[in-house]
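Colleague: I would like to learn how to read a nonpolar core and a contact between domains. Could you take me through both, step by step?

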Amino acid sequence: MFQIRVHGRGGQGVVTAAEMLSVAAFEEGRHAQAFPSFGSERTGAPVVAFCRISDKEIRSREPVIEPDAVIIQDATLLHQIDIFAGLKPEGFVLLNSQRSLQELGLADLLKGRRPERFCTLPATELGLKHIGRPIPNVPLIAGFAALSGTIRLESVILAINEKFKGKVAKGNIAAAEEAYLLVGQMIQEAAKC
Amino acid sequence: MLKQIEGSKAVAEAIGLCRPEVICAYPISPQTHIVEALGEMVKSGELTPCEFINVESEFAAMSVAIGASAAGARAYTATASQGLLFMAEAVYNASGLGLPIVMTVANRAIGAPINIWNDHSDSLSQRDSGWMQLFAETNQEAVDLHIQAFRLAEELSMPIMVCMDGFILTHAFERVDIPSQQQVDAYLPPFEPRQVLDPAEPVSIGAMVGPEAFMEVRYLAHAKQMQALELIPQLAAEFKERFNRDSGGLVRTYCIEDAETVIIAMGSVLGTIKDTVDEMRAEGHKIGVLGIISYRPFPLEQVRRALLSCRRFLVLEKSLAVGMGGIVATDVRMAVTGAGLKGYTAIAGLGGRPILKSSLHALFRRAQAEALPPVTFLDLDWDVVNKQLARERTTRRSGPVAENILYDKGIVSAKFG
């Protein structure tokens with residue numbers, strides 16, 4: 001079972017990101033469960049959503065306590081809550097930021113962990129560029145696909161086409177493709193270090 | 001057709017397949033997505049003929065459902081929490097009149113303190129209303145139970161609540177097999193009412209009944225629920241034949257054949273419990289699970305049979321009879337009267353408190369060791385409880401409890417200055 005926790009703020013499509021991850025996994029014939037942290041959501045307030053992916057039926061309904069991956073849609077949350085709580089030693093982290101982990105003062109996080117599993121992605125900028133809105137969720141799930149290899153880019157595109165239509169779908173697919181490429185390059189470089 | 005779909009949307013699609021003729025509802029979290037989706041289906045013409053009636057309150061929602069059902073329409077509504085309480089008088093009328101309305105309850109806590117999250121207090125507060133209550137374990141089962149519910153309700157001419165955990169199920173995306181219209185049509189025939197307001201054959205529905213006949217009307221309501229005990233397994237068996245899925249029935253057992261300890265629960269927490277039990281089984285613990293699907297009617301005989309070979313049982317319930325303990329546990333203990341079993345109650349998950357596998361492991365081990373008090377409150381924060389109790393002992397004007405506890409937990413500053 002692979003468990004993902006998505007952090008963000010109300011209005012950033014955090015719940016939608018978890019749902020689309022589950023749809024992408026479903027498209028690959030796997031079992032998936034996505035659910036929000038059930039807060040009374042308000043624009044700007046911290047929001048958490050979860051996604052589990054498994055080859056077997058998923059029965060547990062507890063929140064994800066020990067994630068295999070954490071996706072962070074808003075870097076300002078780093079100062080507010082313990083984003084990395086419970087993250088497994090081999091876990092993946094994808095953070096929405098134009099700056100690197102070192103520039104963000106998060107180099108400590110990399111100690112004893114595999115650097116190619118930590119990545120930042122300018123997802124808001126990709127959203128603005130391709131969709132015309134500062135919504136980072138789709139670039140992040142495509143970036144997550146590249147980072148973790150848990151789901152394929154094609155499955156993310158299927159999930160996009162299920163969720164959006166026409167121009168919006170097209171823009172999201174372009175954003176996803178660029179995000180996938182960028183993260184792919186970054187982890188290759190990180191692996192060399 | 002297999003879909004990765006939100007629970008609420010899946011239930012809305014299932015309701016659509018049941019061809020309701022009148023849907024009336026007032027939005028309340030966490031039920032809202034269900035009636036929103038149905039409203040869209042009616043507006044787009046996907047669900048026709050069907051009238052979607054916007055009402056001004058839950059009391060009106062149930063009253064409209066009563067009127068629609070009495071006029072011979074297949075009627076559906078959905079609610080939760082305070083919404084269910086607000087319609088309570090009409091809830092009793094629907095069952096007292098014997099009208100086969102199907103209502104989804106997206107289970108949610110009841111205030112005060114106001115809380116939008118999941119527990120079973122709302123539908124259990126209507127325990128004695130005369131409505132049948134079926135609890136879904138998964139979104140697949142929520143879909144399937146609704147289809148069975150219309151059959152059951154109309155066969156007996158009695159209303160049913162299909163209960164699904166608010167947020168945990170209603171807002172979860174998971175794999176659900178949505179049946180085809182042909183499959184549902186073959187299982188669920190058009191509504192043929194036992195009583196109907198028909199100008200061609202005029203009757204009145206809702207007579208005043210005095211002491212000479214009231215007991216008989218009440219007894220017949222009870223007798224119908226006793227009939228439901230026979231009918232529910234039959235309908236589940238027929239459902240399995242047509243849809244090739246185990247869904248519904250009165251109870252469901254898991255690993256109980258050689259179990260010395262049996263955990264009893266209702267709804268979606270059964271999934272987390274089964275995962276915990278699998279892990280304990282792998283370590284050699286003789287532990288099993290009994291899921292109760294039909295809370296009303298309560299399957300005393302089936303519960304007794306499932307428990308007779310165990311040594312002890314633990315009822316884990318998302319409800320609390322204040323001043324007494326467990327609500328479901330009371331019924332379970334009634335079922336095993338005289339069997340000499342050790343019985344424990346755990347109150348868990350009130351107001352959406354997450355029920356964690358780690359907590360269940362510890363709880364189940366204590367049950368096995370017979371080291372539990374009769375009633376346990378899972379993951380209760382004793383520090384804040386004791387602090388408030390001390391405050392009340394020492395200060396006359398100790399203030400509002402909820403605000404004090406939030407303050408103690410550092411969640412909000414409830415005091416000024």
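Predicted model: local features only at pLDDT ≥ 70, side-chain atom pairs only at ≥ 80, totals over all residues.

Colleague: Which residues touch the most other members of the largest nonpolar core?

Modeller: A core is read as a set of buried nonpolar residues joined through C-beta atoms within 7 Å. Here the largest nonpolar core has 182 residues, and those touching the most other members are Leu21(A), Ala49(A), Val162(B), Ile263(B) and Ile264(B). Helix α1 of chain A, residues 14-27, gives this core its largest share, ten residues, while domain 1 (2-243) and domain 2 (251-377) of chain B each contribute at least three.

Colleague: With which residues is Val162(B) in contact, leaving aside its neighbours within four places in sequence?

Modeller: Val162(B) is then in contact with Val102(B), Thr104(B), Leu134(B), Ala136(B), Ala142(B), Leu145(B), His146(B) and Ala149(B).

Colleague: How many residues does the contact take from domain 1 and from domain 2 of chain B?

Modeller: The domain assignment of chain B gives domain 1 (2-243), domain 2 (251-377) and domain 3 (381-417). The centres of domain 1 and domain 2 of chain B, taken over C-alpha atoms, are separated by 27 Å, and their contact takes 26 residues from domain 1 and 21 residues from domain 2.

Colleague: Which element gives the most to the side of domain 1 of chain B that touches domain 2 of chain B?

Modeller: That is α9(B), with five residues, whereas α6 (121-125), β6 (132-135) and β7 (160-165) of chain B are among the elements that each supply at least two residues of that side. By class, this side of domain 1 of chain B has 15 nonpolar, seven polar and four charged residues.

Terms used
Residues numbered from 1 in each chain as written. Chains lettered and ligands numbered in written order. Buried ≥ 20, exposed ≤ 12 C-beta atoms within 10 Å, placed from the backbone. Helix = DSSP H or I, 4+ residues; strand = E, 2+ residues; numbered from the N terminus. Domains from an automatic or database assignment. Contact = placed C-beta atoms within 7 Å. Nonpolar A, V, L, I, M, F, W, Y, C, P; charged D, E, K, R; others polar.
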